[in-house]
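I opened the model to look at how its chains meet. My notes follow.

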Protein chains: 2
Amino acid sequence: VSAGPPPPLRWWGWGDREVAVPPGLVGLLRDELGADMAGAANAPCRLEDVQVFEPALPPLLRSNLVAAVGGFHVRDDLEERVRHAAGRSYLDLLQLRSGIMTAAPDAVVHPATSAEVLATLRLCSDAGCAVVPFGGGTSVVGGVAPLRRDAETALVALDVDRIDALRDVDTVSRTATLGAGMRGPYIEASLGARGMTLGHFPQSFEYATAGGFAATRSAGQASSGYGRFDELVSGLRLQSPAGELTVDALPPHAAGPSLLQTVIGSEGILGVISEVTVRVRPRPAMLHYAAWSLPDYASGVQLMRDLAQAPLTPDVTRLADPTETRVSLAMAQGRLAALGRRYLTVRGHRRPCVAIFGWEGDGDSVGARVRGASRFFRSAGAVALGAAPAKAWMRDRFHGPYLRDALLDRRLLVETLETSTLWSRLETVRDTVLAALHATLSEAGTPPLIGSHVSHVYADGASLYFTVLARQVEGSEREQWIEAKRTATDAILAAGGAISHHHGVGTDHTPWLRAAVSDRGLSALAALKRDFDPAAVMNPGKLLD
Amino acid sequence: VSAGPPPPLRWWGWGDREVAVPPGLVGLLRDELGADMAGAANAPCRLEDVQVFEPALPPLLRSNLVAAVGGFHVRDDLEERVRHAAGRSYLDLLQLRSGIMTAAPDAVVHPATSAEVLATLRLCSDAGCAVVPFGGGTSVVGGVAPLRRDAETALVALDVDRIDALRDVDTVSRTATLGAGMRGPYIEASLGARGMTLGHFPQSFEYATAGGFAATRSAGQASSGYGRFDELVSGLRLQSPAGELTVDALPPHAAGPSLLQTVIGSEGILGVISEVTVRVRPRPAMLHYAAWSLPDYASGVQLMRDLAQAPLTPDVTRLADPTETRVSLAMAQGRLAALGRRYLTVRGHRRPCVAIFGWEGDGDSVGARVRGASRFFRSAGAVALGAAPAKAWMRDRFHGPYLRDALLDRRLLVETLETSTLWSRLETVRDTVLAALHATLSEAGTPPLIGSHVSHVYADGASLYFTVLARQVEGSEREQWIEAKRTATDAILAAGGAISHHHGVGTDHTPWLRAAVSDRGLSALAALKRDFDPAAVMNPGKLLD
């Protein structure tokens with residue numbers, strides 16, 4: 001974990017640097033998908049060529065916002081607007097690269113305090129100006145899309161980046177209050193200076209913020225050990241057009257319905273989370289990460305379930321299916337990977353599934369938990385692969401989105417989707433989703449390569465995560481993915497999966513929320529929204545139509 | 001755990017049998033409180049003398065309800081009405097014993113299915129008739145009080161006792177669906193026949209129901225191990241005047257705000273929970289319960305915190321303060337208790353605090369966890385007391401409410417209250433509450449004896465539970481307790497405790513909910529209620545004014 005906030009995202013992609021497609025993956029994509037891995041790169045549009053409409057914030061609102069947060073913190077230069085015009089889904093990246101960003105916010109407001117957030121929301125609500133809360137901008141489901149009800153409506157992005165103080169560290173109760181704009185590395189560095197960790201490491205860790213983690217019901221890669229973000233939060237402050245909601249930071253209690261769990265996952269439609277109080281822990285003295293190969297997918301799933309139900313769940317728990325394993329081995333090309341493949345063939349793992357497990361804590365407890373888990377490894381027929389593959393995974397754990405940009409340069413469709421479901425349905429959900437994606441993309445003339453993994457395991461079920469690779473259908477790249485995503489989401493709901501385990505709803509899943517929570521559930525959410533946001537200015541088009 | 005549902009509660013108290021006040025407690029109450037433990041018992045009113053108004057259900061509503069659920073299941077005989085006229089708080093017991101039950105429901109409706117519940121609610125909503133959802137009737141915070149907006153309003157209790165089927169046992173995912181009316185022993189017997197347990201054992205276990213557990217955000221005595229009820233529930237069906245809300249039973253996911261956690265703790269103001277799907281486990285092969293003495297309260301609290309933060313929390317975790325320990329030792333009068341007292345004095349525990357810990361599971365995991373915890377026992381200066389006191393606690397774990405009736409016969413005030421708070425505030429909260437109760441009750445001329453215990457421990461804090469004993473102020477018994485409770489609750493909120501850890505809000509805590517969740521939080525709850533219950537017939541006066 002690095003010591004400070006990383007440089008900003010490239011405006012059209014991820015991270016601050018180019019990465020190369022590993023040679024093994026180049027070969028695989030060329031051979032299996034017929035991808036052109038050698039031709040001219042399909043480069044993104046240049047910033048100065050991006051098309052946006054003229055900013056059209058009503059002058060009175062603009063001057064009021066300037067009075068509230070200071071002139072320097074109401075910005076409408078091109079780069080600022082483009083940087084707040086999209087998240088980081090595949091569709092967002094297509095849009096950004098195309099340079100047609102006409103829906104970009106009219107301005108970006110950067111309040112410095114909870115009170116300034118509240119003032120901003122009141123001014124926008126009074127003026128009927130839409131507000132998109134903005135943290136890291138890493139949503140992969142359209143969560144920060146600048147959607148207007150009609151072309152005449154003004155829209156601002158409200159960026160919480162200046163609300164970044166660590167407050168109220170309670171070392172006895174192990175809680176701390178995070179400003180909404182604190183990014184993952186800064187959270188860890190700030191807590192680390194006190195010997196503590198939050199332990200929240202989603203793939204978006206480097207750029208995503210504390211407020212965004214709460215607003216989207218985020219779950220990190222070590223959530224089996226440290227808890228999902230909805231479990232880590234004990235209190236928060238939400239600023240809404242109707243005023244501030246404070247949920248006092250307390251241990252679990254029984255004062256009626258959980259307002260905390262009503263705000264967590266509200267994705268900006270009720271207001272802006274300005275602070276969260278979280279449960280923290282001492283930094284672990286020991287990290288023990290290792291990989292195993294399972295003889296087949298069913299044994300792997302059984303092992304994951306056995307560990308979750310024992311319960312002896314490692315803090316990081318992740319099982320790649322045969323395809324994801326094959327892609328990983330291709331990417332890890334080299335002497336060790338080749339040796340590994342040969343060794344597994346000898347041991348009878350012809351379609352191996354690689355599992356990564358990580359234990360963190362003090363030496364005693366890590367040792368006891370590893371010993372406890374080992375009998376399940378034996379009975380599953382697991383073959384130990386040692387620490388090297390697990391270390392490689394740790395090194396590359398935030399790497400996927402960097403690689404994605406390089407694949408988009410090669411005109412590849414590359415996107416992920418995920419769900420959670422009961423153990424009794426897990427293999428059916430996987431089969432159904434794979435079948436739907438293969439059918440739809442093959443019909444489009446672009447048969448895909450789809451790997452999946454099981455992670456975030458619970459006693460009753462687990463998360464299932466899919467990575468889809470295919471050639472783009474040139475000229476209808478958006479439609480190609482929209483159709484594939486539609487059939488995959490239909491398949492998830494039909495087979496009994498959740499609409500999302502940790503990506504959230506955003507705009508992409510909104511059409512399915514009604515099926516997931518029924519008319520009655522949507523009505524309840526709409527009633528809440530009316531109460532917090534009577535003028536319906538908060539993050540239009542997310543969660544609710 | 002017994003095999004079937006217990007006989008009904010005595011209409012005026014708890015259980016189906018008399019219990020005697022243990023001689024040691026008799027002496028202590030006589031000596032320390034000046035209680036008259038030998039005079040004539042203050043017996044409750046006879047059922048035939050109870051005063052109720054004539055039932056006044058509008059005839060059309062009555063015939064519609066009969067058509068919906070069957071004539072036999074719309075009852076308005078005296079006993080049925082009185083049995084649904086109060087919960088089991090101290091104030092409820094005073095009321096029941098007095099025989100003045102004029103607010104009793106006009107009728108009690110017993111629907112057999114979710115569809116019949118929905119039909120009942122729609123009929124009552126259309127007729128403007130208040131509905132009090134009724135499970136075990138064990139609320140200690142006024143949760144089933146038959147409150148009418150005005151004297152002309154009709155009111156029915158909706159008893160879910162006929163919705164009592166176990167359905168959809170999924171042994172792979174370890175989930176099962178419980179009818180809302182299943183009582184604790186019947187839940188355990190039904191699951192036990194499949195080798196499973198829910199592990200939910202609140203003190204009200206024998207009478208309380210699955211629906212009530214969910215509606216009140218219940219936590220059982222083994223919640224540190226098995227989870228609070230809000231963690232055990234993965235899905236539910238809520239019937240409301242505006243229709244049914246189904247929350248599909250799934251592992252954790254990120255489909256917006258948690259509708260599940262909005263219904264849990266809603267205490268009947270949104271509708272009636274007709275079914276809950278819960279996470280279950282195999283019945284434990286081994287139970288290991290034992291007691292320890294701590295040299296003083298601070299060491300005990302430190303031990304509880306160390307175990308919770310290790311984390312090495314036993315499944316049952318409970319630390320009595322010096323007064324509660326003294327009362328327990330008095331009640332346990334006998335050779336063993338006397339030996340124990342002498343032994344602890346020798347070991348320097350002059351104001352000992354007894355802790356009960358219980359571990360459940362397979363032999364390996366219990367052994368490992370007990371070994372892990374033992375170093376914390378040593379560093380806290382704990383003295384092992386063996387299994388006997390823990391076994392006695394297990395035997396008597398549901399016994400408190402039986403004893404309370406016998407103490408009321410002796411004109412004693414006996415009531416409990418509880419909160420949860422952060423570790424950094426725990427001793428301050430305890431001191432503040434004790435001071436408030438001592439001051440108020442001493443001022444009333446009835447200095448109290450107050451024991452407390454820490455239980456339900458978390459990494460960030462714990463629950464604090466108080467048991468108050470005092471002589472009654474004859475002629476103003478209600479006012480005596482209302483005033484004491486008011487000052488105690490003010491003290492809890494002022495010192496930074498939760499309004500309740502697991503008793504809920506009901507009517508008793510409603511005046512404090514505004515302070516706890518702020519105007520904005522109350523407004524959000526009211527908005528939800530309007531959406532589910534537009535005619536405001538559901539459980540009036542609970543949670544919201």
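**The interface of chains A and B**

I checked the surfaces first: 100% of the interface residues of chain B are also interface residues in chain A, so the copies meet through the same surface. I counted 73 residues of chain B in contact (heavy atoms within 4.5 Å) with 73 residues of chain A.

The model is predicted, so I kept local features at pLDDT of at least 70 and side-chain atom pairs at pLDDT 80 or more, while totals for chains, interfaces and linings use all residues. Residues are numbered from 1 along each chain as written, chains are lettered from A in the order written, and side-chain values use heavy atoms, without hydrogens and water.

I looked up the buried area (accessible area, 1.4 Å probe, lost on being put together, summed over both parts). It is about 5,300 Å² between chain B and chain A, with 59% from carbon and sulfur atoms. A254(B), P257(B) and R520(B) supply 13% of what chain B buries there, more than any other three residues.

For salt bridges I took a Lys or Arg side-chain nitrogen within 4 Å of an Asp or Glu carboxyl oxygen. The rule finds 4 across the interface of chain B and chain A. I noted that D531(B) and R520(A) meet in a salt bridge at 3.1 Å, N to O.

How values were computed: Buried area = accessible area lost by both parts, 1.4 Å probe.
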